[in-house]
Amino acid sequence: MNLEIKNVSKTLPEYRQVIDLVKNSFPKEEQYPIWLLKLWAYYQNDEFCGISYLVSHEEMIFVLYLAVNNQVQSKGYGSAILETLKEKFQDKNITLNIERLDQEADNYEQRVKRLKFYQKNGFYDTDYTITDRGETFLTLTTSQSFSVEAFKKVLRELTLGLDLLKIGKSES
């Protein structure tokens, strides 16, 4: 699958769809202001497939948001977006966070499926977590070697130089 990438701006015909996808895919407390984000939209034959928001820093790309358009879910577009990112950033580790596997969570099964999805797409558990506004997330990356220092730099860039996110080791 060969996806086309477009920068998201208010002139994009699917702009409202993109904004709705962000708002409906992520809890309100995990959302950054839309005006702050540099979103990418992905297309297959002019059909809107999904979005991502990336923070790039030296050897690492951090995927803050990745979501697939509800109308085309379960058709391989999530994997295609990840493959597109891997091709575009061959020289960088791609890192992202997912909700930790908490058996008490209402969406525990969804969390397990999400972890398996990323593992199937070549991501490894780094044994690190980040805590953001009281919620702890697992950190996954495409490289078996993970630089905590590079990750800290990416997070500082994401938070405009503020140390708002706490990095820790996963509990076994």
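**View 1. Leu-39 and the residues around it.** Leaving out residues up to four places away in sequence, Leu-39 touches Lys-6, Asn-7, Val-8, Val-18, Val-22, Ile-51, Ser-52, Tyr-53 and Tyr-65. This is a predicted model, so everything in these panels is computed from predicted coordinates. Leu-39 also turns up among the residues with the most contacts inside the largest nonpolar core, along with Val-18, Ile-51, Phe-62 and Tyr-65.

View 2. The largest core has 29 residues. Elements that put two or more residues into this core are α1 (15-25), β2 (39-44), β3 (47-57), β4 and α4 (148-158). Which element gives the most to this core? That would be α4, with six residues. Apart from this core lies another one, with 24 residues, and Ile-61, Val-63, Ile-94 and Leu-96 are among them. As background, nonpolar side chains in soluble globular proteins tend to be buried together.

**View 3. The largest pocket.** There's about 1,100 Å³ of space in here, and 36 residues line the pocket. If you want to find its centre, look for Ser-25, Phe-26, Leu-66, Arg-114 and Tyr-118, the lining residues that lie nearest to it. Two or more lining residues come from each of β4 (60-68), α2 (77-88), β5 (93-99), α3 (108-120) and β6 (124-132). Strand β4 has the largest share, at seven residues.

View 4. The UniProt record, an unreviewed entry, places a "coiled-coil region" at residues 91-118. In this model, that span is 39% helix and 25% strand. Its end C-alpha atoms lie 19 Å apart. Tyr-118, at one end of the annotated span, is one of the residues nearest the centre of the largest pocket.

**View 5. Two loop residues with positive phi.** Asp-46, in the loop between β2 and β3, has a phi near 70°. Ser-74, in the loop between β4 and α2, comes in at about 65°. Are these residues buried or exposed? Asp-46 has a relative accessibility of 63%, so it counts as exposed. Ser-74 has a relative accessible area of 84%, and is therefore exposed too.

**View 6. Asp-132, a buried acidic residue in a strand.** Asp-132 is found in β6. With a relative accessible area of 15%, Asp-132 falls under the 20% cut-off and so counts as buried. How far from Lys-166 is Asp-132 in space? The C-alpha to C-alpha distance is 6.9 Å, while the two residues are 34 positions apart in sequence.

**View 7. Zooming back out to the whole chain.** The chain has four helices and eight strands. Going along the sequence, they're laid out as β-α-β-β-β-α-β-α-β-β-α-β. Of the 172 residues, 48% are buried. Among contacts with a separation of 6 or more, 61% are between residues 24 or more positions apart.

Key. Residues numbered from 1 in each chain as written. Predicted model: local features only at pLDDT ≥ 70, side-chain atom pairs only at ≥ 80, totals over all residues. Heavy atoms only, no water. UniProt positions renumbered as here; feature names shortened; annotations may be inferred. 1 Å grid on protein atoms, 1.4 Å probe; cavity = no way out; pocket = protein on both sides within 12 Å on 5 of 7 lines; lining within 4 Å. Points joined across faces, edges and corners; volume = space filled by probe spheres on them. Core = buried A, V, L, I, M, F, W, Y, C linked by side-chain atoms within 4.5 Å. Buried < 20%, exposed > 50% of the residue type's maximum accessible area, 1.4 Å probe, protein only. Contact = heavy atoms within 4.5 Å.
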